[in-house]
Amino acid sequence: MSTLKKRFMLAQVARNRQKRLNALLKAPLLPSKIRNNLGFYLVACDFRLTWRCNSQCIFCDIWKVYRDPDSYLRDHGEGLNVSKDEMTTEEIKKVLDDLERMKTKNITFSGGEPTLRSDLCELISYAHHKGMSTIINTNGIAITEAYADRLVSSGLTVANFSIDGPTAELHDSFRGKGVFEKAVRGIKAIRAMSEKHGRYVWINVNAVINKKNYMSLTQFIERKKEWGVDSFSLGPVNVSENEASVYKDTEEFRLEVEDIRKIKEIFSGATLKRFQEAGLLTRLPFGDSEEELQQNARNCYTHPWQYCFIPWIRTVVQPNGDVLPCCYSPGEYVVGNLKAHSIAEIWDGQAYRMFRKKCKPISHPICRWCFLFKHTNERLTPFLKLINYGAR
Ligand SMILES: C[S@@+](CC[C@H](N)C(=O)[O-])C[C@H]1O[C@@H](n2cnc3c(N)ncnc32)[C@H](O)[C@@H]1O
Ligand code: SF4
Ligand code: SF4
């Protein structure tokens, strides 16, 4: 392991230790905050900076917001609230100032494609100078060496690249010709600039598992060294008939029970060990029982008895400043707008509290499709029961 990487990992361990300590210090307040549906500690804020996109992925409809709005509205309805209005640099900086006061430590910039915002590096640098970790989710198309240089010197902490297959043929079949080459160029450029500046940037590859790629996913392991990737995460394709989803209803990619069984078989035994040893594994979001697998094949990942703690610790900001309690919530769940109110006001406002109330247990219809925090929630549910939470 390189010295740089070692230093990065040690710093990460120290940061996590500090975060746990902070959380512990506040722990006595937790039961009352949960009972009263008040936010606990806003650990992470995800900014969707823009709905603009420079790609046309086959299982994502976001690019249509600008390039084919009629078909977008036809498929998803008005409910998604994908306003083209975007917060200005100064407005976002003001929110970052407020987040600093709330001790928020993790800022993600996503979209659409965040690299299309000309102020991305400025925003990363602004958050970095406040001691926050900065993360980008990107398709990598725009990340040339010069751009990577700017990203790294701005203080980027983690670069999440979306790559859905280990070969150009496969990845480009989902995302368009030439995209694979550009994304890999982007990864290598971030690694090279990270070394040049002596700042370790963690590189994660995120792949959307679907019917057409799961047989090839293990080949990613051969790319780890070649590309300079640190981790690899897998999320199932969202093909739900859920109108509120920003994703496309693409039946042909749907994972059926048999596919899920095969994926679980592939990522087991010696292969699983290889992935673990390479530090390349995050847990698969699929269940274990037959009932759960059937449910997963219908694109459902949560249980009616489950609780979700995410709206107590994270938030999502849409390009126009609308605040959502989590990534999956559509427009109708907007809990406030940052042009009208501060994040602190919204965080403990009535709308947020009402949303949280329905997470104990989860009773929002949208939550059925959520796989994002499956494992976190499963670990937290017994804890919440233990501290005797209670809705007002
Ligand atoms: C909406 S994109 C925004 C960031 C950036 N444009 C990108 O592609 O990484 C965020 C993530 O959603 C994933 N995604 C797109 N379509 C999806 C789908 N139908 N189901 C699940 N994830 C999807 C992308 O692969 C990406 O990792
Ligand atoms: S997945 Fe990302 S790159 Fe692809 S269309 Fe959606 S927002 Fe754009
Ligand atoms: S379970 Fe529901 S509230 Fe929790 S993160 Fe998922 S969509 Fe959001």
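Helices (H or I, at least four residues) and strands (E, at least two) are DSSP runs, numbered from the N terminus. The model is predicted, so local features need pLDDT of at least 70 and side-chain atom pairs count only at pLDDT 80 or more, while totals for chains, interfaces and linings use all residues. Residues are numbered from 1 along each chain as its sequence is written, and chains are lettered from A and ligands numbered from 1 in the order in which they are written.

**View 1. Ser 216 in the loop between E5 and H10.** Ser 216 counts as partly exposed because it has 16 C-beta neighbours inside 10 Å (buried means 20 or more other C-beta atoms within 10 Å, exposed 12 or fewer, partly exposed in between; C-beta atoms are placed from the backbone). Beyond its neighbours within four places in sequence, Ser 216 is in contact with Gly 165, Pro 166 and Leu 170 (contact: C-beta atoms, placed from the backbone, within 7 Å). Thr 167 lies 49 residues from Ser 216 along the chain, with 8.8 Å between their C-alpha atoms.

**View 2. Helix H9, residues 179–197.** Its 19 residues reach 27 Å from first to last C-alpha, close to the 27 Å expected at 1.5 Å a residue (1.5 Å times one less than the number of residues). Among the buried residues of H9 are Phe 180, Ile 187, Arg 191 and Met 193. Their cover includes helix H7 (145–154), strand E4 (158–162) and helix H8 (168–175). Just after H9, Gly 198 has a positive phi of about 65 degrees.

**View 3. The surroundings of ligand 3.** The closest of the 15 surrounding residues are Cys 308, Cys 326, Tyr 328, Cys 367 and Cys 370 (C-beta atom, placed from the backbone, within 6 Å).

Definitions and conventions:
Two residues are in contact if their C-beta atoms, placed from the backbone, lie within 7 Å.
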